[in-house]
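Hi there,

Here is the structure I promised to pass along. Have a look at it first, and my notes on what turned up follow below.

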Amino acid sequence: MPTTEQERSTIIISKPVKKEATKCYHCGTDCITNTIAIEDKVFCCEGCKLVYEILNENGLCDYYKLQSHPGLSQIKATRSDKFAYLDNEDIASKLYKFTDGNNTMVTFYIPGVHCASCMWLLEHMNKLDAGITESRLNFTNKEVTIRFQQQKISIRKIVELLTTIGYEPYISLDDAEQKKSKNYDKKLIYKLGVAGFCFGNIMLMSFPEYLSMDKGIENQYAFLFRILNLVLSLPVFFYSASEFFSSAWAGLKQKILNIDAPIVLALIITFSRSVYEIATNTGSGYLDSMSGIVFFMLVGRVVQERTYRSISFHRDYKSYFPIAVNVITKDGIVSKNLQDLKEKDIVELHNDEIIPADAIVVKGNARIDYSFVTGESEPVMIETGKQVYAGGKQTGEKITIQIVKPVAGSYLTSLWNHHSFTKNKIEKNNRDSIIHVMSKYFTIVLFTLAAATAIYWWMHDPSKILPSVSAMLIVACPCALLLAATYTNGNLLRLLSNNGLYLRDATVIEQLGDVSHVVFDKTGTLTQGSKQFHTTGHQMTETEKSWVYNIASHSKHPYSKALVKFLGAYPIVTAEKWEEHTGKGLYAEVAGNIIKIGSASFTGVTHENENNKPALYISINDKVTAFYITTEFRDDIPQMIPVLHNRYGLSLLSGDNDRQRERLEGIFGKSSELLFEQKPIDKLQYIEMLQKKGQKVLMMGDGLNDAGALQQSNVGITLADDINNFTPSCDAILDARKFGKFPALLRLAHSGKYIIYFSFFISILYNIVGLSISMQGKMSPMIAAILMPVSTLSIVLITTGLGSVIAKRLHLSLKAS
């Protein structure tokens, strides 16, 4: 026991210096011992060794040639019955994409996929089992599609095989309920291909007439080329342009004049006038211009779609919950679909398993991690007979619970049923988009000028009314405005994603630019998953540390794991006695020394600082060391928050206690509001309160407890350490590794509207030239064919160039990193 306050406050910061360890041949982790080996290949654990043996036995060791140490670290042993629920055909069938009773196809999400070796191995699974006929990996989506024969191998065996080789699939309730396909909708690509093919050929067959100037070409050839152009324009008008017709009609049904409405009008007039000129043999029409505009607008849409198609932004609690649970019945333990759970069902939960519904603890020591549901960072000890809530995760020994509410009636589900989840945020953002507002005024001005032109020619030369007015509507169609927006947003989506911010769609860019207040969650957002450790009191020797390391390494308790991580790697030491006292700590005897690791009462500590309790104490022959675990803020927070404070109002909402209030006030400043012990509904209501004051709110969170606030906010951003792992429904996902770039990313998004304004100004200059010619009735197909591509090309270059220049000035990466 420390005898003085000075001794108690001594902090050991340095870690022991050790010899460089041998790297595991499979995963690259430092090996504690060289005893786990095959020939000259050393492994960190039996799991890595097992994977190597399986691959070597099946001739798949090329896996290690593609990349050094490609495997996932520390492959964990799994319970033999972990995937027993897949033996239930009612449950398994929900995962099938196709089956004829034998030949079956299934798709699994594999979070562990990270390199070329992973792809190579997962696409050679047929060599691991003859029942697997084919496997294909979508590396971007981290999804493997497997075709297999049920008569030779079951879906459970496939999942167990994937788990054994280190690629455990993530199977959730959402997989069972939705037969959705994350594959990209290829219809847009088909429309683009058709438009591109027809546009190129129409231009090619228009050149002879354009280049012949006054000489003309023989009538039979001119008429033939015009007919061919008309035939080629039909699929462009009726198929490729249907994208814009559908959007315009949808807007009109809701009494909204969106950007696509005047574009559709221009397309109809262009096509109609072209058909008239060709039918009466009075001209070649403007079919090349029409096809070109449709092609370039589709290119812009494809660019936007491809930017964010691989990430899922629309997720709810079903993506987090398991597909089935083990229910204890009179006939033994049976697997039951989560949606079939009823009140009074007895459920068995193991370590790291999710509580499926609100329940009462019947047996065992429940240590529940609610961090993803409430934001509380420390696990909660729940006594037998007390209630636990859906979404919490059991950490520790096996427990038994009795369901008191079905899944649909749980606290977590009730949060998802809040009215904020029923509102259509996307539809509202589309309505308020700057593009649609500008389009409305553009259309009014254009129609006014067209009416004035018609009146003028009615008074002077009525024969020029139709040619001049139709030419005006063709040349001054708001395509340039749409192209400016499409290419600006497409380029910004690319730049933002290259720097770790992945947006749901282009409308989010405008919403980011309008943000006036930023609200942060604390746990998991400002704080990082990794912990910081330090000790006070007795300074352990290297020998004592090796004893403690070996004693703690046999425990599955989170604090024991943290202690092992802090100490590093030590050789194996055998204990004469080792006991784990649940809820208290560890007792061991090593070389005649009595070692206790655990709570104050268990280790004999009588005086404990209530304001700064350590995670555990280590007593070696009554010499006590206190071990502290502190959650540290992400490295970029101290520099980033003051930068944001200069431009935005800031707030902090945390489900955790206020132990770090003083430090947070130092970072956020006195003017920012810091609220602690906030329930999910409190966070949501706080966002509503800010919005009623006229604020445009950006909410950044990471857990289910933030889901309501993320949905209620004008922009909801989820911070994710792995962008492909579970995240709540949101407008954007920010890669946690790029958190320090957040202020610059907001400024880049804010610049989007000004790039659109400038591009629109340039397009207006082209329109002025085109309109001045059209109003005089002198607009020819050749002039239109020159003006429209030049205008389009200028807009593409301007939007791309300005976006890249601004990103460079903000020190953002122009390429994916």
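**Helix α2 and its surroundings**

The buried residues of α2 pack against β1 (37–38), β2 (41–42), α3, α5 and α6. Before going further, please keep in mind that this is a predicted model. Which residues of α2 are the buried ones? They are Gly47, Cys48, Lys49, Val51, Tyr52, Ile54 and Leu55.

The length of α2 also checks out: at 1.5 Å a residue, its 12 residues should span 16 Å, and the C-alpha atoms at its ends are 16 Å apart, so the two values agree. After α2 comes Gly59, which has a positive phi, near 65 degrees.

**The nonpolar cores**

The largest nonpolar core has 50 residues, and Phe108, Ile146 and Ile155 are those with the most contacts inside it. At least two residues of this core come from each of α2 (46–57), α3 (63–66), α4 (89–92), β4 (103–109), α5 (116–122), β5 (132–138), β6 (143–149) and α6 (155–164). Domain 1 (5–66) and domain 2 (84–171) each contribute at least three residues to this core.

What does Phe108 touch? Leaving aside residues up to four places away in sequence, Phe108 is in contact with Leu95, Lys142, Glu143, Val144, Ile146, Ile155, Ile158, Val159, Leu162, Pro169 and Ile171. There is also a second, separate core, with 45 residues, including Ile637, Leu748, Ala749 and Ala807.

In general, the strands of a sheet pair through backbone hydrogen bonds, in either a parallel or an antiparallel way. Here, β7 (residues 324–329) pairs with β8 over 6 bridges in the antiparallel sense. For one of the residue pairs, look at Val325, whose bridge partner in β8 is Lys336.

**Val624**

Is Val624 buried or exposed? Its relative accessible area is 5%, and because buried means under 20%, Val624 counts as buried. Val624 and Gln539 are 85 residues apart along the chain, while their C-alpha atoms are separated by 8.8 Å.

Happy to talk any of this through.

Best wishes

Methods:
Residues numbered from 1 in each chain as written. Predicted model: local features only at pLDDT ≥ 70, side-chain atom pairs only at ≥ 80, totals over all residues. Heavy atoms only, no water. Core = buried A, V, L, I, M, F, W, Y, C linked by side-chain atoms within 4.5 Å. Buried < 20%, exposed > 50% of the residue type's maximum accessible area, 1.4 Å probe, protein only. Helix = DSSP H or I, 4+ residues; strand = E, 2+ residues; numbered from the N terminus. Domains from an automatic or database assignment. Contact = heavy atoms within 4.5 Å. Expected span 1.5 Å × (residues − 1). Pairing = 2+ DSSP bridges.
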